[in-house]
Amino acid sequence: MTVNRYNKRSRKRRLKPEEMKVFQQTMNSFLGIMIHYNSYKVRKKMLSKISGWMANDITYAGYNKIALKKTVSKPPVLWDPYGIFT
């Protein structure tokens, strides 16, 4: 299943934005088809299996659609006395 495949990838490293976009499109396709049937429990179980870095980068409401959170491309520098990181 798609969730398991992406969970394995996210355990090793944080997924690239392109990979997260493909994951979002794939999951929204599944959810869009399943919404037409009595599948609330299946959708809920499928989305609850998302783990790792992916769980921090997505949001969903109502188990109908997932969206990517807007993330900062690089973390803020707290202290840079020599101007190396700017």
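Predicted model: local features only at pLDDT ≥ 70, side-chain atom pairs only at ≥ 80, totals over all residues.

Student: Which residues of helix α1 are buried?

Tutor: Residues are numbered from 1 along each chain as its sequence is written, and side-chain values use heavy atoms, with hydrogens and water left out. Now α1, which covers residues 2–12: its buried residues are T2, V3, Y6, N7 and S10. They sit on the same side of α1, because they cover an arc of only 125° around the axis. The arc is taken from the directions that run from the helix axis to the C-beta atoms.

Student: What do "buried" and "helix" mean here?

Tutor: Buried is under 20% relative accessible area, exposed is over 50%, and partly exposed is in between, using a 1.4 Å probe and protein chains only. Helices are DSSP runs of H or I with at least four residues, strands are runs of E with at least two, and both are numbered from the N terminus.

Student: OK, and which residues are exposed on the other side of α1?

Tutor: K8, R11 and K12 are exposed there. K8 has a relative accessibility of 55%. In space, K8 is 8.8 Å from G52, C-alpha to C-alpha, although 44 residues separate them in sequence.

Student: Back to the buried side. What do the buried residues of α1 pack against?

Tutor: They pack against α2 (17–34), α3 (40–48) and α4 (53–57). Contact here means heavy atoms within 4.5 Å.

Student: Let's do α2 then. How many residues does α2 have, and how far does it reach?

Tutor: α2 has 18 residues and reaches 26 Å from first C-alpha to last, close to the 26 Å expected at 1.5 Å a residue. That expected span is 1.5 Å times one less than the number of residues.

Student: Which of its residues are buried in α2?

Tutor: E19, M20, F23, Q24, M27, L31 and M34 are the buried ones. Their arc around the axis is only 135°, so they lie on the same side of α2. On the other side, E18 and I33 are exposed. The buried residues of α2 pack against α1, α3, α4, β1 and β2.

Student: Switching to charges. How many salt bridges are there?

Tutor: The count is two, with a salt bridge being a side-chain nitrogen of Lys or Arg within 4 Å of a carboxyl oxygen of Asp or Glu. Side chains of opposite charge can pair when their charged atoms come close. In one, E19 pairs with R13, with the closest N and O atoms 3.0 Å apart. E19 is buried at 16% relative accessible area, whereas R13 is partly exposed at 37%.

Student: And R14, what does its side chain meet in a salt bridge?

Tutor: R14 meets D57, at 2.7 Å from N to O. This pair links distant parts of the chain, with R14 in the loop between α1 and α2 and D57 in helix α4, 43 residues apart. R14 is partly exposed at 40% relative accessible area, and D57 is buried at 8%.

Student: Last topic, the rings. How many aromatic pairs does the whole structure have?

Tutor: Three aromatic pairs turn up. One is Y6 with F23: the ring centres are 5.0 Å apart and the planes are at 55°, so the pair is tilted. Rings of Phe, Tyr and Trp (its six-membered ring) pair if their centres lie within 6.5 Å, and planes under 30 degrees apart count as stacked, over 60 as edge-to-face and the rest as tilted.

Student: How exposed or buried are Y6 and F23?

Tutor: Y6 counts as buried at 5% relative accessibility, and F23 is buried at 0%. Another pair is Y40 with Y63, whose centres are 5.5 Å apart with planes at 85°, so this one is edge-to-face. Y40 is in helix α3 and Y63 is in the loop between β1 (58–60) and β2 (66–68), 23 residues apart.

Student: Which residues form the aromatic cluster?

Tutor: Y40, Y60 and Y63 form one cluster.
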